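Q: Can you walk me through this one? I'd like to start with the strands and then go to the side chains.

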Amino acid sequence: MAAVPDHALAGGGLTVRSLNAAEWDRTYDSTLAGRDEEPPPVLGELLAEYAPPPTRVLDVGCGLGTTARRLAGRSYTVTACDFSARAIQEARRRTPPDATVRYETLDVTTHTPSAGPFPVVLDRGVLHTCPTHHERRTFAAAMARMRGPNGLWLHVGAAALSEEDALDQSTGPSLATEETFLNAVAPWFTVLDLRIADFGHQKGVTDWPARDAVLRRREG
């Protein structure tokens, strides 16, 4: 859930980029215990309303598999992927053998999971690791590609409630205003529902505002 500053090629200034797979591997190695937070209740409410079980769900950027295991426990069949091999290794270790979760190590912006397309694709804390318009558009296009006809994207990500909140994107999640979010997803998706709730419950760590959205893929 982070972006990092990088030296720009021109002008000697700084630009911001998302972490790559190797950097996420190191992040999981250094903070593994703190990355196992249960999904917020609003996510379960949106799934129950718009995509009740049983249905197949792709959990993109699944991390340690916490959300994937929770969905499997609610009778969803889950494919969970992450481009961090370290995260997938630990997610498999934590998942009971009889859970209806299948894990894959891959980057959805360049590869497609073998069981796709999916009726429902979920990202919890992935889009907000994309600090630039180009990266957000690239990720949204990938989410559209994972979907079947009229498929849904359930998104949970950091929300800027004012322009001032969105100014500093040098560390942590990239806080997007509603306008920024809609600009990223509009070519492929229609927003069906949008709610604001805390991303997590760790005080001062993950209890920041998050956008919980249900999006339907545009056809044609």
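A: A term to begin with: two strands pair if DSSP finds at least two bridges between them. Helices (H or I, at least four residues) and strands (E, at least two) are DSSP runs, numbered from the N terminus. This is a predicted model, where local features need pLDDT of at least 70, side-chain atom pairs count only at pLDDT 80 or more, and totals for chains, interfaces and linings use all residues. Residues are numbered from 1 along each chain as its sequence is written, and side-chain values use heavy atoms, with hydrogens and water left out.

Q: Fine. What is the strand order in the open sheet of 7 strands?

A: The order is β5-β4-β3-β6-β7-β9-β8, and the pairing is mixed.

Q: Which are the edge strands?

A: They are β5 (101-105) and β8 (189-198), each pairing on one side only. On average, neighbouring strands of this sheet are turned by 15° against each other, direction ignored. Axes here are lines fitted to C-alpha atoms, for helices over the stretch in contact, and angles run from 0 to 180 degrees between N-to-C directions.

Q: Do β3 and β4 pair in the parallel or antiparallel sense?

A: Parallel: strand β3 (residues 56-60) and strand β4 (residues 77-82) share 5 bridges. Arg56 has Thr77 in β4 as its bridge partner.

Q: Which strands does helix α4 lie across?

A: Helix α4 (residues 85-94) lies across β4 and β5, at about 160° to β5. Helix α2 (residues 41-50) lies across β6 (118-124), β7, β8 and β9 (209-217), at about 150° to β8. Contact means heavy atoms within 4.5 Å.

Q: Switching to rings. How many aromatic pairs are there?

A: The count is 3, where rings of Phe, Tyr and Trp (its six-membered ring) pair if their centres lie within 6.5 Å; planes under 30 degrees apart count as stacked, over 60 as edge-to-face and the rest as tilted. One of them is Phe139 with Trp153, edge-to-face at 6.1 Å centre to centre and 70° between the planes. Phe139 is in helix α5 (residues 133-146) and Trp153 in strand β7 (residues 147-158), 14 residues apart. Ring pairs link these two and Phe189 into a cluster.

Q: Are Phe139 and Trp153 buried or exposed?

A: Phe139 is buried at 4% relative accessible area, and Trp153 is buried at 0%. Buried means under 20%, exposed over 50%, partly exposed in between (1.4 Å probe, protein chains only).

Q: And how many disulfides?

A: The structure holds 0, a disulfide being a pair of cysteine sulfur atoms within 2.5 Å. For Cys81, the nearest cysteine sulfur, that of Cys62, is 6.4 Å away. Cys81 is buried at 1%.
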